[in-house]
Amino acid sequence: MSRLIARAPAEGLTPLDADGTTLIELPMEPITAISPFAGQEKAVNAALKPLGLRFPKPGQSLARGKARILWTGQDQAFLIGVAPPEIPGAALADQSDGWARLRLTGALAEAALARLVPLDLRTGAFPLDATARSLLNHMPLSVTRTGTDSFDLMVFRSMATTAVHELDVAMRSVAARQDGG
Amino acid sequence: MRVAGRGIVDRSTPVGFSFDGKEFTGFAGDTLASALLASGQRLIGRSFKYHRPRGVLTAGSEEPNALVTTGRDTDRTPNVRATVQEIYDGLEAQSQNAWPSLGFDALAVNDLLSPFLGAGFYYKTFMWPVKFWEKLYEPLIRRAAGLGALSGAPDLAPREKAYAFCDLLVIGSGPAGLAAALLAGRAGADVILAEEDSVFGGRLNGEALQIDGQPGRDWAAAVLAELQSLPNVRLMRRTTVTGAYDQGTYAALERVNLHRTPPGDAPIECFWRIVAKRAILAAGAQERMIAFRNNDRPGIMQASAVRSYLHRFGAVAGARVAVFGNNDDAHRTAHDLAAAGLTVTALIDTRPDAVVEGPFPIFRGAEVINTAGRTGLHGLSLRHAGGKADIEADCLAVSGGWNPNLALTCHHNGRPVWDEKIAAFVPRPGSVPGLEAAGAALGVFSTRGALDSGANCAKTALQALGFKCPSWEPPEAEEAEPGITAHWAVPGPGRAWLDMQNDVTVKDVKRAAQEGFSSVEHMKRYTTQGMATDQGKTSNVSALAILADTTGNGIPATGTTTYRPPFTPVSIGAMGAGGWGMGFAPQRFTTSHAASVDRDAPMVEVGLWYRPSYFPRTGESSWRESCDREVTMVRETVGVCDVSTLGKIDIQGKDAAEFLDFVYTNTFSTLPVGKCRYGLMLREDGFVMDDGTSARLGPEHFVMTTTTAAAGPVMKHLEFVRQAFRPGKDIRLISVTEHWAQFSVAGPKSRELVNAVLDKPIDDDGFPFMACGAVSVAGTPGRLFRISFSGERAYEIAVPARYGDSLYRLLVAQAEALGGGPYGMEALNVLRIEKGFITHAEIDGRTTAFDLGLQGMISKKKDCIGKTLSARPGLMEDREEMVGLKPVGGVMQLTAGAHLFAATDKPLRQNVQGHVTSACHSPTLGHPLALAFLRNGRARHGETVKMVDHLRKIETLCEVTHPVFFDPEGGRAR
């Protein structure tokens, strides 16, 4: 019997580099949407406890080891990096293949995102582990600050080509600005 | 000419550029205007309507006259202000609106015809015959008038858009702006200081003023050095804030690389959206002119511009300069010029009591009544108490007072307030929340006043932001506010120009009032005063003052026209940066995209998705041949089609089944686990929203399928219903469209093909029609649905998207082994039309369940969204109902969009009985087919109607049929 071959969403499109600021595609990891039912927050937190995590507040992400959980909407969070534990009291939906996950890192990361994301991403307003659902130009986006100059970006898998292209243009554009933009 | 010892241009760095093909040399730091003036070139362009010779009027962004086209051929930019454009090596500029040359312009004949061409002339003259306007008059007038022209080629220059955020946005970097930015910066606030000019400092660069005993520009440089050292201050030069929008959002245009050849990938412009908690408008003021006869000759300029050219660029428009003004500020010009060793031939002050001394002839209570010099000023005539005098002058510096740059304060429809003391409008406080004006923008004209005003605004802003304001030691600077007596126009014969860009004179404004256009907005439309690229910056207040005089209404009652964004022109390319070509919208690619492209399938856009239209084979000469083959292939063997683009919504919770009952017209709570059901969804207004199948994967777990087009809207609708109508219920929704790659396998051999990739084969007992369930697909967990959109036995097989490419290639290869293959959108469409299955061509937002013959699907046993309103009078009777059509006459063509008429009726609008929504050629039945909506159509099967396509000029007689043409019993799918 033949076996299906897996392909990554942005395969062959990354890495990119502009003056030391880089864009890479993150390896495919399990992504599970967790949506607690009404009044089930405690049960969900208890189920997440062995991972060292809990259900995040709006705009919040939590990381422990390989696992990260990020708020993605009303009553909804994405658990990334580990297979989901049994979570009674919540709807779980596999999202592992629905998203292209990119990491933008470097001195120009914030300036490049300022070309595409209509959010205040200054450290004061968007500190480490802050997360938001927003737009990458016209595309739905999940953005999380994972370092002082590093952001994890998630866009629909089908839009990976456009996302990488637009990030590429923005990165090159800010790199070419002699005053740093 | 250049003036020795003046200016901050870098005289050690010469810069070569060309104007009208002639080579010029300026210095680094020059604008095109300063470099041309320094080279003795006073004539820059021809005017809009009368083709009068015009030169440089200002030294800033308000310039109405000195507009040029930069670049050449397809890479050119029209209407560039020479006063803003910095020169760089290789810059090419051309004059505008002159033919055959700037010096001799044939259309200057218009100037001789001017008695006939005044305001309102076009409106009165070119009225009849009506037809002639569009074809004859307008093209002629447009050719004769106008400024620069676009090349007509797409503008591919790189531009960008960007967002910025700050606590305090300071707009303008003169004394007020610098004081404000410095205090806020020292306080620790996040500050953006935006300066339109290429250097910070505002008027301090154009004046000989002292601050704290040092030249103003040195003080500015010191402040700037401190600001640069503060990490919380962002300096944005060459950045014009062009609009004030809601909630502290400001638009700004940055000229990133218009002053040099852009390096590499750098953009030429950036359109910023700056969100600021507070903002200070320190944009200064603009000097206005006084209208007098022939006041538009090259060499006649704002007095402040003459000082700017002298102090900043070391340039002057001529050796002999006269000064004409109605205020004390004008005197400064005469003094500065004299101090620079230039000849001041006259200082003319309209005020008899003006207090001024100086080493030049002074005329008090005097007015300029005419000037001489067609392509460049060489003299003027004045009238004073003692009589008249003729004065020699190559340059005339004019000051009619100052207008605060308050446009941004009016962008929320606030109106400015008239201040009699300075004869100018000042901002109305609080007209834009969070924005305060400071310095000259507030009508505070002294340097010390501006510094204090900026500091005060910073204090207020810092307090509101919760920062402690540092102490402020005001520096020493001149404190005198200049005296002024309003003087708008010099009475007398001839044309006195107000709006140089639109060639509007004092007489035009008066005529507007005489003809009843006495409101300022009407006067603007009648005369065109204040229109075009400069928006009348140098003429608006003067024009309305003259209008006020004429009507006797007074200036405060006359008011201003509406100030709208943008403050200065913004290229569409900047606002739409990144949007040209494929940048218009994201592209969504299915996992089978590469495999389809490999097979040379033309890809068509379906929403944002790209899907294969058909798969051409060698020897096939048209899409129809490929399409027909693919349809027959599905009907006879098996075909594979990517259907991943359909929306897939995961619905979970103990109230999920009840939720589906509420959003669908039919019942889903009775659906057994492991089964699918077709569902119809209405909007609140009772019309059909979408359709699709939903599968029950578990007692509390469904996956809903939507159409490709409505995936987003349905998700939004469900989320709204969940939150607004079913709060507190256990329903959780999430789109899983992107997670699954899903392929339709359709045709008599579809089970065989599916079993070729499943680890455990299925049979019809275990997997009957409308069954669904988990399967293992070549080692990968997937889902299988036995549903059909083709009327054939069919399955949809889904795997996680990472395996989509692999599974698609595998399915297609195996299908080919069975005599089948891939099929595209064209074949998919034909297959569903043959079966009478609907798409959004039919459910176009105007059709009801009744129209579709699906009213039986609205369950009587339960409520659902849209149920009540679907039973409104008029939605359940005498409607256009869905039917099938097949041609019966000599013409065999059916086209979507065509209208239907009774066979004997004339094809007129009032006789329309319906329209065709989908049409195709059916290779299965051997003739064209169409789905259509026809008035009371279900009762008319067998009748002959006439289809008329007025656009394509097709008229076809058709038989009305049942919409299901093929296999009406549906046995093939089961």
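Let's start inside helix H19 of chain B, where Ser750(B), Arg751(B), Leu753(B), Val754(B), Ala756(B) and Val757(B) are buried. Buried here means 20 or more other C-beta atoms within 10 Å of the residue's own, with C-beta atoms placed from the backbone. Helices are DSSP runs of H or I with at least four residues, strands are E runs of at least two, and both are numbered from the N terminus.

A quick word on the source: this is a predicted model, where local features need pLDDT of at least 70, side-chain atom pairs count only at pLDDT 80 or more, and totals for chains, interfaces and linings use all residues. Residues are numbered from 1 along each chain as its sequence is written, while chains are lettered from A and ligands numbered from 1 in the order in which they are written.

Back to our helix. Because 6 of the 8 residues of H19(B) are buried, the helix is largely enclosed by the rest of the structure. What do those buried residues pack against? Their partners are strands S40, S41 and S43 and helix H20 of chain B.

Two of those names come back when we turn to chain A. There, 44 residues of chain B are in contact with 43 residues of chain A, contact meaning C-beta atoms, placed from the backbone, within 7 Å. Among the elements giving two or more residues to that side of chain B are S43 and H20. Strand S8(B) gives the most, with 6 residues.

Finally, let's zoom out. Chain B has 22 helices and 50 strands, and 55% of its 974 residues count as buried.

Definitions and conventions: A residue is buried if 20 or more other C-beta atoms lie within 10 Å of its own, exposed if 12 or fewer, and partly exposed in between; C-beta atoms are placed from the backbone. Two residues are in contact if their C-beta atoms, placed from the backbone, lie within 7 Å.
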